[in-house]
Number of protein chains: 4
Amino acid sequence: MRRVEQMKLRKGMSVSQLVKQMNATGVLGAGKIGEAAELASEMFNDPDYTVFLTLAGPIVPAGFRRVIVDLIENECVNVLVTTGANMVHDMVEALGYRHMVGTFAAEDRSLRKENIGRIGDIYIEQEAFQGLEKWLFKTVEAIPEEKRRRISAAEFLSEIGKRIKDKESILAIATHKNVPIICPAFIDSIAGFQLWVFGQDKTLRIDPLLDTQVIMDKVYEAKKVGVIMLGGGVPKHFALFANTFREGVDAAVQITMDRPEPGGLSGASLEEAISWGKVKPKGRAVTVICDVTIAFPLIVAAALENHWKKVNR
Amino acid sequence: MRRVEQMKLRKGMSVSQLVKQMNATGVLGAGKIGEAAELASEMFNDPDYTVFLTLAGPIVPAGFRRVIVDLIENECVNVLVTTGANMVHDMVEALGYRHMVGTFAAEDRSLRKENIGRIGDIYIEQEAFQGLEKWLFKTVEAIPEEKRRRISAAEFLSEIGKRIKDKESILAIATHKNVPIICPAFIDSIAGFQLWVFGQDKTLRIDPLLDTQVIMDKVYEAKKVGVIMLGGGVPKHFALFANTFREGVDAAVQITMDRPEPGGLSGASLEEAISWGKVKPKGRAVTVICDVTIAFPLIVAAALENHWKKVNR
Amino acid sequence: MRRVEQMKLRKGMSVSQLVKQMNATGVLGAGKIGEAAELASEMFNDPDYTVFLTLAGPIVPAGFRRVIVDLIENECVNVLVTTGANMVHDMVEALGYRHMVGTFAAEDRSLRKENIGRIGDIYIEQEAFQGLEKWLFKTVEAIPEEKRRRISAAEFLSEIGKRIKDKESILAIATHKNVPIICPAFIDSIAGFQLWVFGQDKTLRIDPLLDTQVIMDKVYEAKKVGVIMLGGGVPKHFALFANTFREGVDAAVQITMDRPEPGGLSGASLEEAISWGKVKPKGRAVTVICDVTIAFPLIVAAALENHWKKVNR
Amino acid sequence: MRRVEQMKLRKGMSVSQLVKQMNATGVLGAGKIGEAAELASEMFNDPDYTVFLTLAGPIVPAGFRRVIVDLIENECVNVLVTTGANMVHDMVEALGYRHMVGTFAAEDRSLRKENIGRIGDIYIEQEAFQGLEKWLFKTVEAIPEEKRRRISAAEFLSEIGKRIKDKESILAIATHKNVPIICPAFIDSIAGFQLWVFGQDKTLRIDPLLDTQVIMDKVYEAKKVGVIMLGGGVPKHFALFANTFREGVDAAVQITMDRPEPGGLSGASLEEAISWGKVKPKGRAVTVICDVTIAFPLIVAAALENHWKKVNR
């Protein structure tokens, strides 16, 4: 057994130094941050790893778009598994709309009148989604109809990504870097409903079983698999379950505020995942019980220390 | 302002009497249970309501299969929006496999060796999913190939439902009662991955935009909409967002243990939903912060008092 | 291993029938409610048990005053360990002031102006505490000065209890039934601060080490100890730690919404308590993760079935 | 309304730069960290502020002893309000015993046999408390009996502090710097129970109303009051309620993982505190929903940037 080292904060200390101290305490939330940073660093550093990053919750609206982009550009992340919403908000930012700082204590009836949608304490004008629809329809029409007869959500999103010029767009960079964007429930997003409207008189058939094929190809070709899960939901489950076909992932980090006791997958422990073959019995897994917007930048900034090359581009 | 009435527990008191007392306190969790029961009772009683029930988390594994079936049979629920997993576990129970009482403090490496999957403190043998695969392949082959060329998940599930004889099966009863089973992310379930295998050499194309059509038809034809949400996830979002096309639902009850602060949709308040037009500004909405397995039977048993007819069939 | 029994809700079913079904599912929150009810019932039924009930959080303001009174009157509870606040609110109700139903979404600056204090969604007029001060000063002066020179909080509260006529007062009934009211941090309450004012020119010396004596006497004389903990805080710790002197309690039920991961005592598991000798290695312990106002009446109403005699007085 | 600035992580970035970026996003947990750091920095910088730091949960066991010591030495903190446990663990560390890195998934029955107490994933040998008792009895006997006839917990702890040589002891440094250690429920700690044993045949009368006097003196002499609350419990309530006598604190930061919905004080919002006059209507208050061991070092390290002088001593 090792000691809990007492922390010592210093002026000008780097994030990486702080995280090392957290790791040295080794206990509670700080210990988990330290352990997660170490494990993420290993995933980023070892070229044998195929790294899956899963996104649930308002990752893009909360200001983590560029962080994801940098992770993809630096080849730290090889597969993205995401809610539709995060891709919607990536497009919306690409179109020049911005998320605004609001408050949880909002007058939602007033926001409704002002056409502002609220996500926690983040505001966005509904106008953004009207702009999105117009742009999306035009963009989808530019995809050859032949392709649109049967397309995976991943390929569909990569067709979109090709047509985005914004260099800080996740869709654009992921497409550019050949990182598949797996979005098993894309239709459950604002864009998904817009595509339903589009499909009333235009051709568009998304075949999600093709998305299973896309993720399975990545699973089968991987030497080692690491997965970093921001929140739970479909992205967590889809990424983990796909990996049961190779007896589980080798390394896993999840950041969540959900509890395990009610039994939902989002709050489920990574120990439980072992029983299903989602995580290898000898795999390493860390659960950080924390707001993603606090834990994720800490972990990534600490991992940066050894691995990022193009980050100051 | 009204007083917080002090509770008085009595021997042999009925659930409905207890819930009435909770309503009379009017505060904290008990107050919310009281309010939710009242609102659910209104939804069940007023024939103008189209009631959407959304399922996330282990509703079927935890023992609520019959409760859902009774709600459907008594025409209290008109649309089901669910995770794939709950339908998988419904099929598995229909095939005669059973969920077992386990423990959160499990040795997951041992469970793995014994081929037992764990969901919180619920165990299930992996054998069940092998049995499911065999049965599912046979059952899907019985669906005319013509239909399989392009099918919504809802229609697919109703084809499955037709072929289940178990009278306590949600799929069977929902199909029988013409209650659509909307499952926007069905591919993200064990059955979904099995269908991917099936699709390697057999015809099966699920078109989820057809599911959007199924839910939208229900939304457009409704006079009033009530939604009861067990957990969050895709089912919560899909049900609520579909209803933005009619300016929001009239009544909403959600039961969740997720917190609002991290900004995820699952933990989001129903006030926030007003800003998006998911809940009408004059709609009534109650959030119960509670384990679904505790709150839901309380609310339903209280609502039973006035509305169920066939419940002792 | 036993099966998860599927629930079946029936018209007019009693709370006790519902809780039995929850026990039959055996899993997640419902399973814990069932197990807790069984264990509480055993504590209430077996005369060898000395039962400690600990109160933290707004138990009295939320409407559970009479429930506690009935438990004491029926000799189900033998020792009360409580925050000062709950006793303050018991006095305030005895003086005829009432708690009101408010809202979490309050304008707290307006409430401040209107002299209303908020506890979650419970309101109370500050006037109540002015009334309390007047009455408290008069009442304390009626305690012989000799006693006031060195008094435990428990004896002090029993002197108060003797002077309350309200038959629904916890202080009054506990005093009448010789149930000690252990309140280790009584000074940390509104009344505590009022007593500080009182002590500026009158005699009053509370000696909390005498309270340790009071609880230790109960610990040493007990054949078996059961403890039911509503919330955590000082009451939970004081009751459990006192019992380390007899190698731990035999049975424990805790109801809390706090999480274990941050390491605080309030959210700590009862497994952890075993390592400290707070719970016997062979003791039975159940943690219910639930709002107390929902779980506690369910558990008590179910336990009522077999054990209460005077409840319809 | 301002934009949510997208974060940009850089190699070698300092904690303070990261926290500034969190502040620039302005939303969710990261936004709260940014805001809290700014407010803490203001409290530390403005000599008009009397700063109260409240400690609940395993702050010392988790490795934050030196951080607290540095805050006191740098005169950033002027009053400490704490659980007894944190002072017990400070003494235990001063005696040379160490906390160890364990696991939440412990075999608590085995730990019991090995005489190891568990706090979350922190272990400590029971031997430490036997050592403490011996030392404590000797140390208390060294306090003149005259003083022991009636002593506040604060003065008692400062008598202890005088007799500790360890320069990393909170008790020692606080005593040295005249920072009162307010511990309203000191008897509810291992040392408290040891003092009860001591008191069986030696003189010791702790008078907690004297502690109220100690905190009230600080409240009355303050120009401005800032309070930083790590966890809730008695320390949070005592610090805030004392400040109702001056119409509330001017600035408040709380870090907690407790929820507001169950109505307990620990999870209560600081808006609610306004209704009680605990926080001034024009006061600034930030609640960070986070594990203290993650949020607190981030906030302090960021605040370090401008204010600490002796930190590299």
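## Strands of chain B

Two strands count as paired if DSSP finds at least two bridges between them; strands (E, at least two residues) and helices (H or I, at least four) are DSSP runs numbered from the N terminus. The model is predicted: local features need pLDDT of at least 70 and side-chain atom pairs count only at pLDDT 80 or more, while totals for chains, interfaces and linings use all residues. Residues are numbered from 1 along each chain as its sequence is written, and chains are lettered from A and ligands numbered from 1 in the order in which they are written.

In chain B, strand E3 (residues 100-101) runs antiparallel to strand E5 (residues 122-125), and two bridges join them. B:Met100 faces B:Tyr123 of E5(B) across this pairing. E5(B) also pairs with E4(B), again in the antiparallel sense, over four bridges. There B:Ile119 has B:Ile122 as its bridge partner. E4(B) and E5(B) make a hairpin with two residues between them, and B:Gly120 in the turn has a positive phi of about 65°.

## Sheet of chain D

Chain D holds an open sheet of six strands, in the order E6-E2-E1-E7-E8-E9, with parallel pairing. At its edges are strand E6 (181-182) and strand E9 (279-289), each of which pairs on one side only. Within the sheet, strand E7 (residues 224-230) and strand E8 (residues 249-256) of chain D are joined in the parallel sense by five bridges. D:Gly226 stands opposite D:Ala251 of E8(D).

Helix H12 (residues 233-242) of chain D lies across strand E1 (49-55), strand E2 (79-82), E6 and E7 of that chain, and runs at about 155° to E1(D). Such angles run from 0 to 180 degrees between N-to-C directions, with axes fitted to C-alpha atoms, for helices over the stretch in contact.

## Buried helices

A residue is buried if 20 or more other C-beta atoms, placed from the backbone, lie within 10 Å of its own. Helix H4 (residues 84-94) of chain D has 11 of its 11 residues buried, so the helix is largely enclosed by the rest of the structure. Among them are D:Gly84, D:Asn86, D:His89, D:Asp90 and D:Glu93. Just after H4(D), D:Gly96 takes a positive phi of about 100°.

In helix H10 (residues 190-198) of chain A, the buried residues are A:Ile190, A:Ala191, A:Gly192, A:Phe193, A:Leu195 and A:Trp196. Their cover includes helix H4 (84-94) and helix H6 (127-142) of chain A, together with H11 and H12 of chain B.

## Helix packing in chain A

Helix H1 (residues 15-25) and helix H2 (residues 28-45) of chain A pack at an angle of about 115°, their axes 7 Å apart. H1(A) contributes A:Val19, A:Met22, A:Asn23 and A:Thr25 to the contact, while the H2(A) side includes A:Ala30, A:Gly31, A:Ile33 and A:Glu38. Residues are in contact if their C-beta atoms, placed from the backbone, lie within 7 Å.

## Chains A and B

The contact takes 56 residues from each of chain B and chain A. On chain B, the elements that each supply at least two residues include helix H5 (108-113), strand E4 (116-119), helix H10 (190-198) and helix H11 (208-221). H12(B) gives the largest share of that side, five residues.

Key. Buried ≥ 20, exposed ≤ 12 C-beta atoms within 10 Å, placed from the backbone. Contact = placed C-beta atoms within 7 Å.
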